[in-house]
Amino acid sequence: MNTSTMTRPLPHTAQHQVHTAHNYVYLLACADGTIYSGWTTDITRRMTAHNAGTAGAKYTKSRRPVTLIHCEAYPTRSEAMRREAALKRLSHAEKCALAAESARPDRECLTVYDSRMQPCGVLERTLVHRYGLRHRVVHVLVREMRDGISGVWLQQRSFDRPLLPGAFDWTATGHVDPGEALCDAAARELREESGLVLPAAALQKITEFRHKTVRKVDFLDDEVTTSFAWCTDAPPSFTAGPEVACLAWVSDTQLTDAIVKHTPFSAVLTDGTVRTVAAEQLCCTLSEWKHVLRHPNTGS
């Protein structure tokens, strides 16, 4: 095997000071065909209250279920309330036009969830991230036993990705499309990013968790992640997708040390080349990795 060292540095993700508790202004499509305008500091909880009928506006209580069709955010309450007043003055047709721009069919859209993880709307992906709206993602870990040593295949994100370019992540990661089952989303992402075609039923669900992260000024993550794994004793037949620079096998021990002790690790590429990778290039989390190691069907 050839041995080389990764020399291209991974840029650190900027952790800017931003307003994570936005003042939201929003439009809801009501069951009777009308559109309601409102504002809140917590859109996720507010959507739960609207559809539960336990709080929120009297107007929506008798017009449930309601669906989030447009959302904006402002740094101050006064700005949000002025915008809410302006939205209330719009005609029904003008409100519908705003809603259409928030979920254009020619752009990627995501399902938005309330605080009880009930779907409450579909909005454009850029808006979901800009305003930190809750949504679902899937992770897939391909596990391979080599000469009695358990390991996992990681992908290196392509260097032109806007978020975490060049970072090493799980085998496949991505968003869940509106109306898509979690296992189907996992199988699709695995196919698109690694070229590995597996039936959804072959993937083992490992864990589910929520994390909220400020990535940069206009990119907030409020994600609920479902992790899946697939185990094999033979080298998988990979073909890296356009968003993946390469795929590499890493032993469980080396990956654990990289995450916990921040030590470099050896990554074996599909052609047998071995690269030494700095721990700073990993974007895998210890908590998720622990769930994989402890699972009876996917652990070491």
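Which residue forms a salt bridge with Arg136? Glu208 does, with the closest N and O atoms 3.1 Å apart.

1. Ground rules. This is a predicted model, where local features need pLDDT of at least 70, side-chain atom pairs count only at pLDDT 80 or more, and totals for chains, interfaces and linings use all residues. Residues are numbered from 1 along each chain as its sequence is written, and side-chain values use heavy atoms, with hydrogens and water left out.

2. Back to that pair. A salt bridge here is a side-chain nitrogen of Lys or Arg within 4 Å of a carboxyl oxygen of Asp or Glu. Arg136 sits in strand β7 and Glu208 in strand β11 (residues 204-216), so the contact ties together parts 72 residues apart in sequence. Strands (E, at least two residues) and helices (H or I, at least four) are DSSP runs, numbered from the N terminus. Arg136 is buried at 13% relative accessibility, while Glu208 is partly exposed at 37%. Buried means under 20% relative accessible area, exposed over 50%, and partly exposed in between (1.4 Å probe, protein chains only).

3. Strand β7 itself. Of its 13 residues (134-146), 11 are buried, so β7 is largely enclosed by the rest of the structure. Strands count as paired if DSSP finds at least two bridges between them. β7 runs parallel to β12 (residues 219-232) over 11 bridges, and antiparallel to β10 (residues 172-175) over four.

4. Worth a look at Arg188. Its side chain meets Glu180 at 2.8 Å, N to O, and Glu192 at 3.3 Å. Arg188 is buried, at 12%.
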